[in-house]
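Please open the structure in your viewer and keep the selection tool at hand. The tour below moves from stop to stop, saying what to select next and what is to be found there.

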Number of protein chains: 2
Amino acid sequence: VHCGIKSERPDLALVVADGPVAAAGMFTQNKTRSAPVIQSEARLKSGRARAVVVNSGNSNAMTGRRGAEDALAMAEAAAAALGCPVEQILVASTGVIGRPLPIDKIRAGMPAAVAALGADGMAAANAIMTTDAFPKTAAVTIEAGDGLVTIGGIAKGAGMIHPNMATMIAVMTTDAAIEPPALRQALRAAVGASFNCISVDGDTSTSDTVIALASAASGTAPIQPGTPRFDTFVAGLTDVAQRLAKLIVKDGEGATRLIEVRIRGARNDAEARMAANAVMTSMLVKTMFYGSELNWGRVTAAAGRSGAEVDTDRMQLWIGEVGVVRDGVGVPATYRQAEALLKAEEIVMTLDLGLGQGAFTGWTNDLGESYVKINSGYLT
Amino acid sequence: VHCGIKSERPDLALVVADGPVAAAGMFTQNKTRSAPVIQSEARLKSGRARAVVVNSGNSNAMTGRRGAEDALAMAEAAAAALGCPVEQILVASTGVIGRPLPIDKIRAGMPAAVAALGADGMAAANAIMTTDAFPKTAAVTIEAGDGLVTIGGIAKGAGMIHPNMATMIAVMTTDAAIEPPALRQALRAAVGASFNCISVDGDTSTSDTVIALASAASGTAPIQPGTPRFDTFVAGLTDVAQRLAKLIVKDGEGATRLIEVRIRGARNDAEARMAANAVMTSMLVKTMFYGSELNWGRVTAAAGRSGAEVDTDRMQLWIGEVGVVRDGVGVPATYRQAEALLKAEEIVMTLDLGLGQGAFTGWTNDLGESYVKINSGYLT
């Protein structure tokens, strides 16, 4: 619903289970964490929650003691409207940093949010958007061995996006039966292969939050770690998380392309991640993709400054399946073909560092003028 | 002079001493170093050089074995034209990565470059420019205790600029008498407080090179490390280097402002540098400066993700002398005054992390649409 934090668009979302259910969360690693992040992380120690309340338009970060009070008041308002203990409420906020939360508007809007609850997540996906161009949802149904289990999710995020989460909030729900420790383990795996592999602008935020709720409503047996059913559940959760994560990159502020960056041939996976990180955040690489120009030296140079070891005489680079650098030297005969691929909306680029077996895959986007437009006039 | 690497503008520069003189250099830490970087670093082990030849328009990086041969051929051409051994020639190249150097054009242009030699460095400062909007020179004269010593320099650089040097080349010359080991020590100190403290876009390049030549032509006594005369010399060299470094930031691609970022209150200097680095490279911070918007949460959030420890309840932020964040909370009464300061061409921003005595000062610029325009159509 629209409660008035933003001038016109929806800004208050509720995701509610029928009762307290298994819950797990992962949060920003930024050291200036927002009040809702601190509060929700503490609440999740119990492993149970009934609802998540999310507002957009104000992140309630860098707001001091009043921020903590407002985050609590937001949870209390949701608890009162839902008729449940405040301990069962998780909160998340996203938007401008450093402004007091208009808590009275949130309080006043809560009954309407409860009245609007339904089975469709699209309204909630809309209400958590900030600079997002489109709402982000994904869902899969998996065979849990003794019946079907559904995993769904909503997410927001378009800027301040970087590995170790971003200005992004995602809520994933499932009717699987799974105890909190197992749900935590599954969530950690899914986030590690999705939200922690994307970059829009290299900035992580004060507010990044991923929450998973598991209701057991499917009636299937509890999913235990170390079983094939657990692996299937993790794969399903990862699938939903990856689809949401890629939607965030695709919706990156000012972006026109989604680029999958595959690093191969690193000394180890950690160095592959370092190289990918440098390539995915390089403004020179990102503007190159925006212009569809094959200025591949920017890619190799970004890897070269990443801290990862490289063998310049054995580096290889492919755009899609087209090899443009072989043994550290460009292959001009292939440039035209590669440049044609750079005009696509989705691009796969593979860089081999020429050393070992280390590998990493991440997703980034291009950098256009409108990123600057959006972010130089954000407050107004 | 113009030798034809670029279509019209000057692209070949020579800096020549009357004979072999004390020489020192510092080079990129990028692991995909260019052929000229590798060659010049090896040459400088002797501590002596007579000339530096620099071309713009092509960085001779990621060019394999041919690149090494071309870098040598470039030095040989300069040696032949100057009538000195090739061992006395240092080379540097800047421009597009991954294209063979048009060595025939450089060979053909060398006699004209020698013929154009003069006492004024402006022509050389012009010929080393790539995307630079203006040539960069600086000079100081210092009292060496027994007479005057002059230190001058030229530099280029506007993009791929980041701590640990950048796509930048600087040549500094002095008539001081100073032995190579002392010159190296002085250069390391000067670069550490200048070129290694600036950031335009977070990318370091394959080609970054700073070279200092000391001719002893002043007739003053040799400058020895550990003496007040050495400190005076280092201060002078640092002054020239800082002025050149700030000119590079000011000329940052698409930049309209020069921002001095002062970090205070870090646990130690290393963490202060980490925080400054995150703030100086944050696209969200840089677009904020472009738009003259006081979205200060981007600054504190960048520090928060930098890896440096912060005390959110004690963070302070000043724009100029105006405190906008006190004890981790915004001070709205000061915002209007601070926003007015954000419209200036030169801005000082001080962030106190609220912990210890660690401090660092660096320089960055803002990020405007034209950065994207320049870098998405660089090759064409």
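Which hand does the crossing of helix 5 of chain B and helix 6 of chain B have? The crossing is right-handed, a crossing being called left-handed if the near helix is turned anticlockwise from the far one by less than a right angle, and right-handed if clockwise.

Before going further, please note that this is a predicted model, in which local features need pLDDT of at least 70 and side-chain atom pairs count only at pLDDT 80 or more, while totals for chains, interfaces and linings use all residues. Residues are numbered from 1 along each chain as its sequence is written, chains are lettered from A and ligands numbered from 1 in the order in which they are written, and side-chain values use heavy atoms, with hydrogens and water left out.

**Stop 1: helices 5 and 6 of chain B**

Select helix 5 (residues 180-192) of chain B together with helix 6 of chain B, whose axes come within 8 Å and cross at roughly 45 degrees. Helices (H or I, at least four residues) and strands (E, at least two) are DSSP runs, numbered from the N terminus; axes are lines fitted to C-alpha atoms, for helices over the stretch in contact, and angles run from 0 to 180 degrees between N-to-C directions.

Now show the side chains in contact (heavy atoms within 4.5 Å): helix 5 of chain B contributes residues including B:Leu183, B:Gln185 and B:Leu187, and helix 6 of chain B contributes, among others, B:Phe230, B:Phe233 and B:Thr238. By class, this contact of helix 5 of chain B with helix 6 of chain B holds 11 nonpolar, two polar and no charged residues, where Ala, Val, Leu, Ile, Met, Phe, Trp, Tyr, Cys and Pro count as nonpolar, Asp, Glu, Lys and Arg as charged, and the others, Gly among them, as polar.

**Stop 2: helices 7 and 9 of chain B**

Next select helix 7 (residues 269-281) of chain B and helix 9 (residues 297-304) of chain B, which pack at an angle of about 135 degrees with their axes 8 Å apart. These two helices are therefore oblique to each other, and helix 7 of chain B passes helix 9 of chain B in a right-handed crossing. On helix 7 of chain B the contact is made by B:Ala275, B:Ala278 and B:Val279, and on helix 9 of chain B by B:Val299, B:Ala302 and B:Ala303; the residues divide into six nonpolar, no polar and no charged.

**Stop 3: helix 9 of chain A**

In chain A, helix 9 is mostly covered, with eight of its eight residues buried, that is, under 20% relative accessible area, as against exposed over 50% and partly exposed in between (1.4 Å probe, protein chains only). The buried residues of helix 9 of chain A pack against helix 7 (269-281), helix 8, strand 10 (316-319) and strand 13 (346-352) of chain A, together with helix 11 of chain B.

Then step to A:Ser292, in the loop between helix 8 (283-291) and helix 9 (297-304) of chain A. A:Ser292 has a positive phi of about 55 degrees although it is not a glycine, and at 10% relative accessibility it counts as buried.

**Stop 4: the contact between the chains**

Show both chains: the contact takes 57 residues from chain B and 57 residues from chain A. About 4,500 Å² is buried between chain B and chain A, of which carbon and sulfur atoms give 61%; buried area is the accessible area (1.4 Å probe) that two parts lose on being put together, summed over both. In chain B, the residues that lose the most area to chain A are B:Lys31, B:Met62 and B:Met283, together 16% of what that side buries.

Of these, select B:Met62, which is found in the loop between strand 2 (48-58) and helix 2 (64-82) of chain B. B:Met62 has a positive phi of about 55 degrees although it is not a glycine, and it counts as buried at 6% relative accessibility.

**Stop 5: B:Tyr371 and B:Glu253**

Finally, select B:Tyr371 in helix 11 (residues 369-376) of chain B, a residue that counts as buried at 1% relative accessibility. The C-alpha atoms of B:Tyr371 and B:Glu253 are separated by 5.1 Å, although the two residues are 118 residues apart along the chain. B:Glu253 lies in the loop between helix 6 (228-250) and strand 9 (258-266) of chain B and is buried, with a relative accessible area of 5%.

Note on methods
Angles under 35 degrees count as roughly parallel, over 145 as roughly antiparallel, 65 to 115 as roughly perpendicular and the rest as oblique.
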